[in-house]
Amino acid sequence: MKIELTEDQLKMQAEFREFVDNDIIPFAAESDREERMHPKVLEKIIEKGYIGSMLPVEYGGMGMDMVTLGILNEEVGRGCSSARSLLTVHGMVALAILRWGTKEQKQYWLPKMAKGEIIGAFGLTEPNVGSDAKSVEASAVEEDDFYIINGHKKWTTMGQIADVFLIFARCNDKPTAFLVEKDRAGFSTTPMKGLMGARASMIAELHLDTCRIPKENLVGKVGAGLSHVALACLDYGRYTVAWGCVGLGQACLEASIKYSRKRKQFGTPLRENQLIQQLITKMLVNVKAARLLCYNAGYLKEIGDPDTIMETWVAKYFASKMVNEVASEAVQIHGGNGCHSDYPVERYYRDARINEIIEGTTQMHEVLIAMNAFRTI
Amino acid sequence: MENVEMKIRKFLSRFFRKHELQGNEDIFSLGFVNSLFAMQLVMFLEKEFGITVDTKDLDLENFRTLNAIVSFIDKKKVEV
Ligand SMILES: Cc1cc2nc3c(=O)[nH]c(=O)nc-3n(C[C@H](O)[C@H](O)[C@H](O)COP(=O)(O)OP(=O)(O)OC[C@H]3O[C@@H](n4cnc5c(N)ncnc54)[C@H](O)[C@@H]3O)c2cc1C
């Protein structure tokens, strides 16, 4: 057994780190405050090619291995949770097309998505349907060479700026995935404001009102929408969210170490205080443990082992809970300053909270991981 | 041929603890597998047998029983 990054992976990690320090972190607070992704951030992510990080070279993507892809999401998550969520949802749509799309769909969409000319968003959740995804109410009816979709989606990350939406709707009463372009008649979006964390995720509600799409926009088969299409997307989604949590945890740790070196109380820096040392130890060990779970899931993906699917659930579960503890400890170490937007840990704390809700809530993970344990142990 | 069946049986046995799966038993109606199983099975078949499961293969009849999976693999291997 060998757990170490290759020379190439280390090189990429340094490149990502520098990119995030220079081109993402300087805009993160403003994006959060204004509830909008700063256009410069999107521009830079596209310019660097990271928007196509998850796509193979043959479609103009970066063809990263799964571990390098994880490190990218860790680093971006260290700087800005909303920017990481852009990579997550865009990648989910791109990978759905790569995995289950027709040759024509792949040739049309993937090169544009790899270059960021087209941004994708993932429309599964509805006002009445969240965790119980198989019960989506949106409907698709076949009519001549078209599907007619009616439905209402909510919480769609990047919904305000996306060009193409992967929409899940019932067709012959079975969950099915469709691509819906933003300019289709009958399709409209309403921006959502007021998010607690990941506030620059540009979330929107989607309205499909007798929206007519050509039959070629079906992804996979009728009835395979959840079992194959969504599950493949959500595996990448959970993987990148888990890595984003590791990055966010790392940001909390780094900020806390810096602060406890500088801040003095009772005549000594906080770092001399053993209770602060205990907090730092807990944070550090937790971040490292989550990172190892992510490496494990990534390695299994890389070798095509089906166990990666469960291991990704495990990694996401642990990492999202971990980052909530770690962010709370970072606020604690910062005292009053931790409660104010002058210090980034205030944002980290709010951003952390989102991770236990998205890509399957903590409770859905607990149900599934336990069920799997009872089945296999 | 037997080899293919044995490999698939071994993979499936992880989900069917203590249950001796019959060749023509409906895997999906036994209540052992969950919503992740379909993708796990696809990944396993692709890696183990070097095939690609694509959209036209997404027919439950290809995966419903051990025998069906074995003949699906045989069919796919000829295509390659
Ligand atoms: C910032 C943000 C971005 C998002 N982006 C997207 C996106 O891009 N695309 C998209 O489709 N969706 C998106 N979502 C939606 C997200 O996936 C859902 O919020 C999530 O799946 C939970 O669904 P829900 O909110 O309806 O909660 P519910 O399903 O109503 O759950 C409410 C509570 O009940 C618990 N619960 C529910 N069922 C059970 C059960 N059987 N056992 C135990 N506990 C249970 C849940 O764990 C939760 O604590 C986003 C959400 C947020 C906050």
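This is a predicted model: local features need pLDDT of at least 70, side-chain atom pairs count only at pLDDT 80 or more; totals for chains, interfaces and linings use all residues.
Residues are numbered from 1 along each chain as its sequence is written, chains are lettered from A and ligands numbered from 1 in the order in which they are written, and side-chain values use heavy atoms, with hydrogens and water left out.

A search of the whole structure, over all chains, finds 33 salt bridges, a salt bridge being a side-chain nitrogen of Lys or Arg within 4 Å of a carboxyl oxygen of Asp or Glu. In one of these, A:Arg17 pairs with A:Glu254, and the closest N and O atoms are 3.0 Å apart. This pair links distant parts of the chain, 237 residues apart, with A:Arg17 in helix α1 (residues 7–34) and A:Glu254 in helix α6 (residues 225–262) of chain A; helices (H or I, at least four residues) and strands (E, at least two) are taken as DSSP runs and numbered from the N terminus. With a relative accessibility of 30%, A:Arg17 counts as partly exposed, and A:Glu254 is likewise partly exposed, with a relative accessible area of 30%, where buried means under 20% relative accessible area, exposed over 50% and partly exposed in between (1.4 Å probe, protein chains only). Both residues belong to a network of salt bridges that links A:Arg17, A:Asp21, A:Glu75, A:Arg78 and A:Glu254.

A salt bridge is also found between B:Glu46 and A:Arg99, for which the closest N and O atoms are 2.6 Å apart. This pair crosses between chains, from helix α2 (residues 37–49) of chain B, which holds B:Glu46, to helix α4 (residues 81–100) of chain A, which holds A:Arg99. The arginine of this pair, A:Arg99, is partly exposed at 22% relative accessibility. In a further salt bridge, the side chains of A:Glu126 and A:Lys153 meet at 2.8 Å, N to O. Here the partners are 27 residues apart, A:Glu126 lying in the loop between β1 (120–123) and β2 (139–143) and A:Lys153 in strand β3 (residues 146–156) of chain A. A:Glu126 counts as buried because its relative accessibility is 4%, and A:Lys153 is buried with a relative accessible area of 0%.

The 13 residues of α2(B) should span 18 Å at 1.5 Å a residue, which agrees with the 18 Å between its end C-alpha atoms; the expected span is 1.5 Å times one less than the number of residues. This helix is mostly covered, as ten of its 13 residues are buried, among them B:Phe37, B:Met39, B:Leu41, B:Val42, B:Phe44 and B:Phe49. Just after α2(B), B:Gly50 takes a positive phi of about 60°.

Around the ligand there are 16 residues, of which A:Thr125, A:Ser131, A:Trp155, A:Thr157 and A:Thr361 come nearest, a residue being counted as near if one of its heavy atoms lies within 4 Å. By residue type, this shell divides into nine nonpolar, seven polar and no charged residues, with Ala, Val, Leu, Ile, Met, Phe, Trp, Tyr, Cys and Pro counted as nonpolar, Asp, Glu, Lys and Arg as charged, and the others, Gly among them, as polar. A backbone N or O atom of A:Phe122 lies 2.7 Å from a nitrogen atom of the ligand. An N or O atom in the side chain of A:Ser131 is 2.7 Å from an oxygen atom of the ligand, and a polar side-chain atom of A:Thr361 lies 2.6 Å from a ligand oxygen atom. Taken alone, the ligand exposes 980 Å², of which the protein buries 65%, as calculated by the Shrake-Rupley method with a 1.4 Å probe. The elements that give two or more residues to the shell are β3 and α10 (362–376) of chain A.

A:Met202, in the loop between β6 (187–191) and β7 (204–214) of chain A, has a positive phi of about 50° and is buried, with a relative accessible area of 9%. A:Glu359, placed in the loop between α9 (344–354) and α10 of chain A, has a positive phi of about 55° and is buried at a relative accessible area of 14%.

Notes: A polar contact is a pair of N or O atoms within 3.5 Å; within protein, one must be able to donate a hydrogen and the other to accept it, and residues adjacent in sequence count only if both atoms are side-chain atoms.
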